[in-house]
Structure formats: C-alpha cells, structure tokens
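Open the structure in your viewer and keep the selection tool at hand. Each stop below says what to select and what is there.

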There are 2 protein chains.
Amino acid sequence: MYSGGYMGKILRIDLSNQSAKEEVVSEELARNYLGGVGFAIKYLYDELRPGISALDKDNKLIFAVGPLTATGVSCTSRMAVASKSPLTNAMGAAFAGGYFPAEMKRAGYDMIIIEGKAEKPTYVAIKEGDVRFRSAEKLKGMITTDTQLFIKEELKDHNYRVACIGPAGEGLVPIACIINERRAAGRKGLGAVMGSKNLKAIAVRGVKKPAIADAAKFKEARQAMNWAMKESDVLYPKFSKAGTPMVVDKTSEMGIYSIKNWSATGEIDLVKEHGLDAQDAMIINKAYCADCPVGCSQVKLVNEGPFAGFLSEGPEFETTYSLGSAVGVTYLPAIIAGDRICDEYGIDTMSAGVTIGFAMELYERGILTKQDTDGLELKFGNYEAMIEMLRRIAYKEGFGAILCQGTKKAAEIIGKGSEKYAMHIKGLELPAYDVRGAKAHGLNYATAYTGADHNRGYAFQEIFGISIPEEVDRFAIKGKGKLTKWNQDVRCVVCDCSPICAFLLDMGLPEPFCQCAADLVAGATGMSLTEGEVQQIGERINNVARLFNGREGFTRKDDTFPERLMTEPIKAGASAGQLISQADLDEMLDEYYAARGWDKDGNPTPAKLKELGLAMHNRR
Amino acid sequence: MYSGGYMGKILRIDLSNQSAKEEVVSEELARNYLGGVGFAIKYLYDELRPGISALDKDNKLIFAVGPLTATGVSCTSRMAVASKSPLTNAMGAAFAGGYFPAEMKRAGYDMIIIEGKAEKPTYVAIKEGDVRFRSAEKLKGMITTDTQLFIKEELKDHNYRVACIGPAGEGLVPIACIINERRAAGRKGLGAVMGSKNLKAIAVRGVKKPAIADAAKFKEARQAMNWAMKESDVLYPKFSKAGTPMVVDKTSEMGIYSIKNWSATGEIDLVKEHGLDAQDAMIINKAYCADCPVGCSQVKLVNEGPFAGFLSEGPEFETTYSLGSAVGVTYLPAIIAGDRICDEYGIDTMSAGVTIGFAMELYERGILTKQDTDGLELKFGNYEAMIEMLRRIAYKEGFGAILCQGTKKAAEIIGKGSEKYAMHIKGLELPAYDVRGAKAHGLNYATAYTGADHNRGYAFQEIFGISIPEEVDRFAIKGKGKLTKWNQDVRCVVCDCSPICAFLLDMGLPEPFCQCAADLVAGATGMSLTEGEVQQIGERINNVARLFNGREGFTRKDDTFPERLMTEPIKAGASAGQLISQADLDEMLDEYYAARGWDKDGNPTPAKLKELGLAMHNRR
C-alpha cells in the first residue's frame, strides 16, 4: 500500500505570468503512472487541447524523473521530456541521462510542467524549491556549452545543472533538441517547443536526498540489482568499455546496419571504418551519468586533421549511423565533429543525419541539383558537405530551412517523387536498425507512440539473443505482435517511469524487470505494487499515449513503413532477401492490436480502457 | 612595519616526485617584492640555472597573486604566470584575470612554484591546502573549455577554477598560452613550459578569505579607491560598456593602429569594419573577473554566416589587431571565431596573428609561395586561410610547424630576407600600437623585460592625454626615458604585484597610484610602506628582471626595433611621416638607462644595485 513515503512534488511553471506553484503527487497518480514519462503523458493527455499546434503557447513542456531517481539506485538519473511534438504532431517524448535528472529530484521535484510563453527570452533557476525567472536576453543565440557555463557563472554556483536549447531551438527548428551537460533529450523537436516558449534553459540545484520509506527493503533490493549487474558477462566486461558502438559491429554482422539512406544495407562493411576497433582508438575517457557505476559513454577526441580538437561524449551507435552510415561517411573524425556540432547548435543528430542522407540520395538520383542545395555537393560520403549542412539546418539557412523540417515535410516541399526516399514513420526519422532483418524492431517502429523510435520497445531479443520472455527468430513474423506489446509495456514502466536506464534492460538486467522495479519502488517509496501491476502501468501509459495520438488524427494507416522497406529486400549480407511486405505488416499489426485489446483499426476498446481504469480519460 | 598580518604562503610543487611543500612569505620578501610578479621574478632569478633551456625540466613555472587578491579590493583577481620563456629566452611573465587568481588565494596561496616534470600527463588539484596529483592521461589533446569541464566533473565540484593548456601547450608550441575560464596568460609561450612539465592543468578551490590586518584602515582605503572609480568619467560611462575595443577607434584616429603587418598604418580606416560601433552590435553580455565591478570584457557572439555560434569574451583590442588589422581581416565574425579558436587550442592570439600577418606579407611579396604554405592562399584579408592557419599552428601541421615558432624563428628558417618583415622585439611579436607615432610606447617595447610588451610600461599618457605624472607629446623623443622608467616601475608594482588591474591605471586610477597601493596593502596586511618604497619595489623588480635577462645574454643591442620602424615612416593618417630612427632610439635609450642608473650598455650599476639592496643577487 502507498504509505505516504513517496516524497515527490510537481512544480507547475507559468511563463506567461512568471508564476510557479507546487502540487503534490497523489497516491492515485503514483499507483497508476509510477513517474517519469507516465506522469508526463497522463498530464499532457488531460491538459492539452486536442489539435493544438505544438508551438502554440498553450502546448506544455514537461520534465519528469521517477521515484527511484536520486535515491542511490544505480542508473536512475534519467528524465523524460514530453510535449506534443512539432516534428510529428504526435505525443513527443524524449529521454536523457546526465546529472540534470538527479539534481532536479534533489531540488525537490518529480515533474516540472512548463506552461505559457515568456514575453522575452527567459531562463528559470530552481534551487531547493526557490524558483527564479531570469532574463536570457544575453544568452540569445548561444551554443549549449556556453549557455550552461554562462548560467552557472551568473548564478555564482557552477554546481547548478542546466538543461537548455541552442540556436536551433530558439529558431524553432522542428528537429531541435534539449541539452543538459552533453546529453540530449534529442528527438521529436522538443527544443523547438522550449524555444516557442522563449525558455532558453532550466537550471536546477539541490542537495536533499529523497527520503527512503523502508531502508531495509530498499537496501536488499538495491543489493540484488547491483549483484545482478556485477554478475552480467556483458555489462561491465563489454558494455562499460565500448558503450553503444558495440552495436555497430553487431548489426553489421547481422546485416541490419542501415547504409546510405537505407539503400545499401548489407552491401558495404563499415565495421573497419567506424566499428568498435576504429572507435576504440579514439576513446580518451568515459563519461558517467549521476549514480551510474557503468559509464557507457565513451568520450572520443580528434587529435589531428581538419577536425582536431573536436570531442564528443559519443558518438553513440545511433549517431554513428545517422552522421556516418546513413550519409555514407566513414571518416570517424567527421562523425565526432558532427556529433559535437549538433549538440552545440542543439539539433538531433538522428533526424539531422537521416534527413541529410535523404537529401544525398535525392541529389545522387538527380532529384535535387546543386542549385537546390545552394552549391553544396550533397553526395554520399562528402563529410564537408554534411558538416556544413548541419549548420545550415540549425540556422535555417537556404536549403537548410527545408531540411530542418525533417524528411517528411522536406519531401512534401521537394515533391518530384522524393517521398519514396523519406525514411520516417509518423514524421520521425528511422533509427539505424534495418528492420527488414529484425521484425519485432520493425513492428515497434511502426507502432511506438512517438513514431519510428527504437527505444520505446527495443527488441533486445533479436539483437542480443536474450530469451526473455522467450526465444525469438528475428526474421519471423508470427509472435512479434505479442512480443512488441511486452517490450513496449515493460520498457515504458521500467525504463521510462521508474526510471532504470534502458541499456540495462537491453542486457537483460535487472530481471525479472517488473518485479525488480516493484521491489526498488516499494523500498524507496513504500508503495507496494505486484509485478503484474507494474507491467500494467506500462500498458496503461501506452494506451493513454495511443488515445492522445488518436485524438490528433493518427490511425492504423500511420502504423506503417516507408515504401522501400516493404518493396525492396535487403540486397546483401546476413539479412539478404529480407523485407517486410504489406501482408507481413498487416499480420503483425493484427496480432499486436489483438494482444493490446485494441480493435482492427488500432483503437483501444472500451473493455480494455475499463480494465485499465481509463474509461473517463477518453475525452474525444 | 610588517605586522605579521600578511597571510601569504608559497606552495612548492615538484612534479618529478609528486611532492608539495609549503613555505612562508617572509617579511623581507614582502617588503622588497610585494607579491605577484615581484615574487615570481625574484624566485626565478635566484633559482634558475643561467642559460637553462626553457623546456628543460629544471625550468620553473610560477603562478603568483598579490597581497590584495581576494581581500575584496576591486579589480585584484589578477595573476602573474612567470618562467623563462621558450619564445624569447628572456624572463617570461604573462598575466591573467578571471576567477582563478582569487580562488588560488582563497585556496591558501600567494604563489605556486611548479618544478620538475611529471612522468605522465598530470593535473594538480588544490583544495584548501590539500594538494593532489591526478592523471591527465585522459585529458590529452583536449581543448581548454572541455579540459576545465572534465576536471570539474572529475573532482565532483564544478566550483573549482582551472588553469590549463590546450593541445598547443601539450605539443610544446612556443606561442602556447595558459587559459583559465576564458582568460589567457597569453604571451611568451608559457603554455609550452607547462606542457614540457606534463602538467595539463591546475585546479584550485578555496573559501577562506584572507585575514585583514587593520579593518578600519582597509575600509577607508577601499572606499577611497571605489569613490575614485565612481567619479571617473571614463571607467563606468565608457570603458565598462565598450572595453578595450575603445582603443581601436582611438588609435585609428591617432594613426597608430598597425595594419597589414605594419606595412599600411594610417592608410586604411578600419574603424567602420571592426571599430567600436561594429563590435557594439555583436555584444551580448559582459564578463567580469572576480571582485570586479567594471566588467570590461564584452562577450560577442556570431549569429549568422559561416562562423555562427562562435562566442568570445572579446576580442580584446589587441586581438582585433592581431587577428584583424595585422592580417588585413575586417570580417568581425572571423576575428571572433579566431579568438575563440586560439583560446580553445591554447595559443596566444597576438603572436599567432602577427606571425600569420608576417607570412601574409611574405606571400604577397613572393618570398613565400603556395608550395611553402601547403596550398593556403596566405593573402592579407583571407580569413578562411587565417582560421585554417591557426589550426595548423596549434597542431604544428605542415607550414604551421614553422609559424608556430613565432616571427623571429620563422624568419630564421624561411630566410630570403624575410627577417626584415618579422615584427618582434626580443622574439616577442609587436602589439597593435604603432610606436612610430607614440614614442614612449616605443621605448617601452624596446626595453620591457619581456620583449615587445605594451603592458609592462603602457604609456597611457600618449593615448589618453592623461597628465600623470606630467603632460607628454607623443611624437617627442626627449623625456621618454624618464617617463618609461616611471611607467614601468609604477605599473610593475601596482598592477603586476599588488595587483590592481592595469586597465584602471590606464585611466589614471587610483591616483596617486603608489600611495593608493600602499594604503590598501597596509590595511590588508599591516605592512606599512611609503609611496616611495612602493615605487622602489617596482624599480627593484625591473632591475632583477634586467639582471636575469643580462645573465641570459641580452644586451643593449636587443633593446631595439624591427628595421621597418626605424627606416619607413608611417605613410598616412594623423601620424604620417613619423618614425623612430636609430638616433632617436639611441637618444631615448641613453636617457632611459641614465634614469635607471644603468651604464651605457644597459647594465645596472653596482651603485644602483646597492641602493636597491640587490648587490648579492647578481650571481653572474
């Protein structure tokens, strides 16, 4: 039972009149949505006007951490940032680690809801419950590292942690992100929402540790988790040393590392150029999030050549794809530089890279000419052009003003059949995994509430051969509906709500996921939940997100793939011949909807809503 | 009398065996050398082996602040960094403000002496007297902003202040500098000395305020200074708003703003391109040093074009010259970007720019070809080439490996009569003031113990028409010897020892300089000195520095100018027709040596040394 040990508070900030008020986290909210993205989605669904423009002042931007954040549980300094997305017009949720999330919790808050729009550029400084609105007039146009430094200096305490936007967010670029330290709440254009509110940054400082409800139970649960982590033969021995770039080699081997805007998967072996060994040579340090003993982020530095001096906490696997394989760039220093440049301007590396890759394919096919690109030779592999294009995207300069809108809208503007090469789902650019050779990954891309988002229901079973909850064949269609529901629900509650870092889950940790989360949450907050109740929270949130998207006009027809994936098989490599036909997709969707208790059109049934206690929520 | 209120301590760090010990500041040392550069020069003279290579492990690198630092007196967070210079082989002293100096004092030290050489890349963390040696292996090659951030993160307290080198210092580039925050101890290549010791950074943290010996006297002296500052019609009304770029307009008007490697002074009016109004439009913020109410540093940010996103705390006047007029570049965004790039790589903007300007003149004269420059079109005004050359200098790439050595050595390597265009004195590149039209400036360039260094005896009388100690005619030769001695001694003790920011002195504040310093020091430390004794400390230090340089082989023949200044008059503008002939120089030197009590060869006489209590110091 909920014991009242739960210490969370909600801070509601209205930028229009520079006011802030605190609200309590009710037991009902905590039991039904746990925290993190659960809280955020519930509030956005309840409070946003259907059909609202994402850049309308009445859209809301929510930062939310979870009940485990800052309690000392490993790998819990994670936050959800959520809003209606200006890139997809669907539910936009992006996630980031770093130090900001733990500091936000210590400053006193589980959730910060940003409403309204400041008259002038503003930043908000929060210290132990004290909220100040400060002018950001002098921070206009600043890149993100400088922004963080200047705010810390102005607040006379460099131990503040700052989440901010760069010039791209200020300029309402639809692929703008939010940066804290060198972590990005990268996708879905939430930086533009922040920019539309004239909010340059949020700075948080706190030293309070959340109270622990049941110290003995909490200690036991923590120790169990830490032991499981220590016993993993992947986590410390491999992942801690190599981080996500591990997956470059893995996916290349599997023939599902997408290359050149998905036109050449399997045809080129990129492992030598920017796989693990190549990246290893450039690692100079590890970077950790708060309360993380793993430190998966491998800091890389370029020591010579045109990009000497560029350092990035990465590039992570997905950036190695988007600024590397997707654009045919194998020169690792350019990928590192591009990664840092995106962070500094505040644009999403994934959407930016994939959109440039899209333009490169159009250029090579003659659909775009040098005149269209303002003189840039946008050929695959031209890393100078890629780097220059990143700047033009961030500043909406020339052709950059088209590409900055992402592949979907860019294709609409360019026309001439370019839609065929626009690699997105629901307006969100595709991640690296070529799902023609990993079908559960595919179904998740098609159905995730944020668009083509590998992280909302990552099918680690297909990539790492982990048999949780069961063994899977990555090429098979059958069974993927049920699996995807499981992946999405478990991941949602464990990683995006509690929150335990998703990278642990990918390695099967801590298993059984929902029971471990239940034990930790019970110890920390005194709120007792069964394993099944925990999993159901994930299901509930996915349903609310589905209702939100349905209200915005999304239907079964949006749960789909770019044409290429359904008509062109992978040409070479270990997944040669694979595709996901329309029939395959339909079969998977039918199974998925059935597993979810949704109707054939993908709408939650009244029975399912009732089961989840959601009947009254569907206000459409 | 010295009351014992003086709280200073010296920290002596031996990197070779990773040991540190504390020494007290004796009354004798304080009375004779006050602090700051006085301490540093005295110790270097006493402890360095004559003729030592600047990059030998037995060279020493000293950081020194003064008795007023961190006491709360305005504008005293200044430090001297001193060593034998690898660029000039003379006494190398460079100065920086920011927050590091005040923090170093609060951490407990007036002076940190770095000896020996660490076996592996190391940084030193000092917190309240606790000294730790930490591996900097993972910081190798990092630019300076990233270095500072990573150290703060690693030490788990972002309120540390860090002085560090960039890739250039690590690579022993002779024009490498030392950066704290965005402040540079810029000149004389001291970053290379730090690099030669395998010392990537020093981090300091302290909260102790120095004890004040006589609170009433101290308060009175501080208030007098603050009143004088408030009453100035320049300091707050103008300088606080515009900072040093004020002088772009001023010197242009006077026809002494050097242009295109000193080949075109007066011929071009640069005020429109990068004068005050142009710079004003790009100011987004002010930056302050600790304990400074003025904030002269105008933060500028590029908002569009190829350098969008670049921000610098500057460019200061001298950088506007070195990366602007000296290289014929009028595009302000390129100057801002160049300024930041130099800070990040850790190279001196002044030496770098002037050396590139030198190479540009050679290129335009056909002495250098595109083959020599590895394909770079090194023409005046080509800012892309300038920016690229900065990188090649920092990384010693191709032709950059020659230019990184500064004009003097580059000219020796290039030969072909290039020496004629090498604008340096004693190996240090000339500052912006075209001294043909400001003769006391010229004499100071020729005689300053660090080489062509405007800041060691800045003739503010010639620039701002201030009649302290007397009215001067900037074109006149007569009287400049006496004036230069006065300027050098007063500036040395007041600005470089006590230390009060030199920019105040330039505006006649706080006057009478030595009496004000005496009052402040008496209040803070209890050490009573007369105005004359204070001024004599400045004289003493200049004499010790002269002895040091004499011991290294410098003689009267080194107190000279590049040939151009003595043979080519300024061609146009308000100083047209002016030059400093050999006869002019000789007349000024004779007067200067006489005023100093030095013989005709510029050596301190035994009588002068005795008067200054230095007889035993001349160990030659």
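Which residues form one aromatic cluster with A:Tyr257? Select A:Phe317, A:Tyr433 and A:Tyr458 together with A:Tyr257 to see that cluster. Rings of Phe, Tyr and Trp (its six-membered ring) pair here if their centres lie within 6.5 Å; planes under 30 degrees apart count as stacked, over 60 as edge-to-face and the rest as tilted.

Before going on, note that this is a predicted model, in which local features need pLDDT of at least 70 and side-chain atom pairs count only at pLDDT 80 or more, while totals for chains, interfaces and linings use all residues. Residues are numbered from 1 along each chain as its sequence is written, chains are lettered from A and ligands numbered from 1 in the order in which they are written, and side-chain values use heavy atoms, leaving out hydrogens and water.

**An aromatic pair**

Over all chains, a search of the whole structure finds 30 aromatic pairs. For one of them, select A:Phe63 and A:Phe100: the pair is tilted, at 6.2 Å centre to centre with 50° between the planes. It links distant parts of the chain, since A:Phe63 is in strand β3 (residues 61-64) and A:Phe100 in helix α3 (residues 100-106) of chain A, 37 residues apart. Helices (H or I, at least four residues) and strands (E, at least two) are DSSP runs, numbered from the N terminus. Both A:Phe63 and A:Phe100 are buried, where buried means under 20% relative accessible area, exposed over 50% and partly exposed in between (1.4 Å probe, protein chains only).

**Helix α7 of chain A**

Next select residues 215-231 of chain A, which make up helix α7. Which of its residues are buried? They are A:Phe218, A:Ala221, A:Met225 and A:Met229. These cover an arc of only 80° around the axis, so they sit on the same side of α7(A); the arc is that of the directions from the helix axis to the C-beta atoms. They pack against α8 (235-242), α21 (502-506) and α22 (513-525) of chain A.

Turn to the other side of α7(A), where the exposed residues include A:Trp227 and A:Lys230. A:Lys230 lies over the face of A:Trp227, 5.3 Å from the ring centre. A charge sits over a ring if NZ of Lys or CZ of Arg is within 6 Å of the ring centre and within 35 degrees of the ring normal.

**A buried tyrosine**

Last, select A:Tyr421, in the loop between α17 (406-414) and β16 (424-425) of chain A. A:Tyr421 is buried, with a relative accessible area of 9%. Leaving aside neighbours within four places in sequence, its contacts (heavy atoms within 4.5 Å) include A:Asn261, A:Phe358 and A:Arg564.

Key: The expected span of a helix is 1.5 Å times one less than its number of residues.
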